[in-house]
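Dear colleague,

I am passing on the structure we spoke about, and below it you will find my notes on what turned up when I went through it. Please read them with the structure open beside you.

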Amino acid sequence: MAVLGIPILENKYPVTMDMWPLQAKEFNRIYKFYEHLREGRFTTTRCRTCGHVAYPPRVICPECYSEDLEWIDLPKRGKVLNFTEEVRGVPLGFESPLIHAWIDLGEGSPIKRVLSRIINCPVGKLQEGSEVQLVVFEVPSHPIEVKKDTKWVERVFFAFEPVEK
């Protein structure tokens with residue numbers, strides 16, 4: 001994958017500019033989070049020892065240090081508590097507007113709030129109290145070396161988008 005206009009990166013994958021996590025099970029112990037995203041599920045981990053729910057998902061409980069964790073589902077809808085819209089000066093790799101929001105996942109959720117990107121939303125449309133829903137999207141695949149063999153790993157990530165009324 002060549003990056004035109006940057007001679008040092010010609011015919012090289014720009015790993016140092018990659019902003020998406022490695023999702024292969026050979027390199028990531030929470031790879032199931034990404035498998036669940038591919039299935040349309042928004043998940044995190046809960047400790048079977050002490051019951052603590054951690055987000056983002058963990059491999060060790062931050063409360064009791066147990067490795068006995070289970071995957072639980074989170075709500076795929078929520079309401080915007082507050083947000084920011086960045087129109088100018090958006091970082092490399094993102095398109096304007098870059099919107100981030102604190103999202104309340106509701107009363108029954110084990111995680112009360114998440115900070116997430118909002119996509120598919122023009123400037124000025126999002127309001128405090130707007131209902132949003134999970135959306136999963138593909139991100140560029142990534143080369144990894146496994147036992148002297150290079151393979152490309154398909155990847156996904158998530159954001160939220162306004163619910164059309």
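In what follows, a residue is called buried when its relative accessible area is under 20%. Please keep in mind that this is a predicted model.

By that cut-off, Phe33, Tyr34, His36 and Leu37 are buried in helix H1. Viewed down the axis of H1, these buried residues fall within an arc of 155°, so they line one face of the helix. The cover over them includes strand E1 (43-47), strand E3 (69-73), E7 and E8. After H1 comes Gly40, which has a positive phi, near 85°.

As for Phe42, its contacts beyond four places in sequence include Phe33, Tyr55, Ile72, Leu134, Phe158 and Phe160.

Finally, the cysteines: with a disulfide taken as a pair of cysteine sulfur atoms within 2.5 Å, the count comes to 0 disulfides. Cys50 is in none, the nearest cysteine sulfur being that of Cys61, 3.6 Å away. Cys50 is partly exposed, at a relative accessible area of 41%, whereas Cys121, at 8% relative accessibility, counts as buried.

Note on methods
Residues are numbered from 1 along each chain as its sequence is written. This is a predicted model: local features need pLDDT of at least 70, side-chain atom pairs count only at pLDDT 80 or more; totals for chains, interfaces and linings use all residues. Side-chain values use heavy atoms; hydrogens and water are left out. Contact means heavy atoms within 4.5 Å. Buried means under 20% relative accessible area, exposed over 50%, partly exposed in between (1.4 Å probe, protein chains only). Helices (H or I, at least four residues) and strands (E, at least two) are DSSP runs, numbered from the N terminus. The arc is that of the directions from the helix axis to the C-beta atoms.
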